[in-house]
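This briefing concerns the structure shown below. It is grouped by topic and gives the cut-off for each term where that term comes into use.

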Amino acid sequence: MSGTKYSIGDLVVMKADLTRLKAAPRVCRILSLLPSDTEDANYQVRFTHESFERRISATDIEKLYTEPLGSERGSASSKAEPWLKPLGKGLKK
C-alpha cells in the first residue's frame, strides 16, 4: 500500500527493476487516476521519451520528481515568444 497520493500533472520517478534500469529514463507524468480493485492507486502515465501511455501502480513510483527539466523543455528563452512568427506586412523588395 502506498500512502502518497499524486496529482494529475505531477512528474514522478519510477522504481528501477529488471525492466526499468537505473540508467534508463524513469521520469513520467501522471495523466489520470484509474479505477482499481485494490487499495493501491493506479495511474495512467506517459514517460517523457515515449509517445504512448502506460498503466502503473502507486507501488511502482519511487518519488516525486523535483529536479528541473532543462533538457526536456528545450532551449526556451526567458521571454515567451510564439514558435510561429507572422510574416511582415507590406515588406517589398
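Valine 45 stands opposite arginine 54 in S4. Strand S3 (residues 42-47) and S4 are antiparallel partners joined over four bridges; two strands pair if DSSP finds at least two bridges between them. The model is predicted: local features need pLDDT of at least 70, side-chain atom pairs count only at pLDDT 80 or more, and totals for chains, interfaces and linings use all residues. Residues are numbered from 1 along each chain as its sequence is written, and side-chain values use heavy atoms, with hydrogens and water left out.

**Sheet architecture**

- The protein chain has zero helices and five strands, where helices (H or I, at least four residues) and strands (E, at least two) are DSSP runs numbered from the N terminus.
- From the N terminus on, the elements follow the pattern β-β-β-β-β.
- The five strands form an open sheet in the order S4-S3-S2-S1-S5, with antiparallel pairing.
- Strands S4 (54-57) and S5 (61-64) stand at the edges with a single partner strand each, so one side of each has no neighbour in the sheet.
- From one strand to the next the twist averages 50°; axes are lines fitted to C-alpha atoms, for helices over the stretch in contact, and angles run from 0 to 180 degrees between N-to-C directions.

**Strand S1 and its partners**

- S1 and strand S2 (residues 27-34) run antiparallel and are joined by three bridges, and valine 13 stands opposite valine 27 in S2.
- S1 also pairs with S5 in the antiparallel sense, over three bridges; the bridge partner of valine 12 in S5 is leucine 64.
- Leu11 and Val13 point one way from S1, Val12 and Met14 point the other way, and all are buried; buried means under 20% relative accessible area, exposed over 50%, and partly exposed in between (1.4 Å probe, protein chains only).

**Aromatic pair**

- The count comes to one aromatic pair, given that rings of Phe, Tyr and Trp (its six-membered ring) pair if their centres lie within 6.5 Å, with planes under 30 degrees apart counted as stacked, over 60 as edge-to-face and the rest as tilted.
- Tyrosine 6 and tyrosine 43 form this edge-to-face pair, at 6.1 Å centre to centre and 70° between the planes.
- Tyrosine 6 lies in the segment before strand S1 (11-14) and tyrosine 43 in strand S3, so the pair ties together parts that are 37 residues apart in sequence.
- Tyrosine 6 is buried at a relative accessible area of 14%, and tyrosine 43 is buried at 1% relative accessibility.

**Salt bridges**

- There are two salt bridges, defined as a side-chain nitrogen of Lys or Arg within 4 Å of a carboxyl oxygen of Asp or Glu.
- In the salt bridge of arginine 46 with glutamate 53, the closest N and O atoms are 2.0 Å apart.
- Arginine 46 is partly exposed at 33% relative accessibility, and glutamate 53 is partly exposed at 33%.
- Glutamate 50 forms a salt bridge with arginine 54, with the closest N and O atoms 2.8 Å apart.
- Glutamate 50 counts as buried at 18% relative accessibility, whereas arginine 54 counts as partly exposed at 36%.

**Whole-chain totals**

- Of the 93 residues in the protein chain, 26% are buried.
- Among contacts (heavy atoms within 4.5 Å) between residues at least 6 apart in sequence, 35% join residues at least 24 apart.
- The accessible surface of the protein chain comes to about 7500 Å², of which 55% belongs to carbon and sulfur atoms; accessible areas come from the Shrake-Rupley method with a 1.4 Å probe, and for residues only the protein chains shown count as cover.
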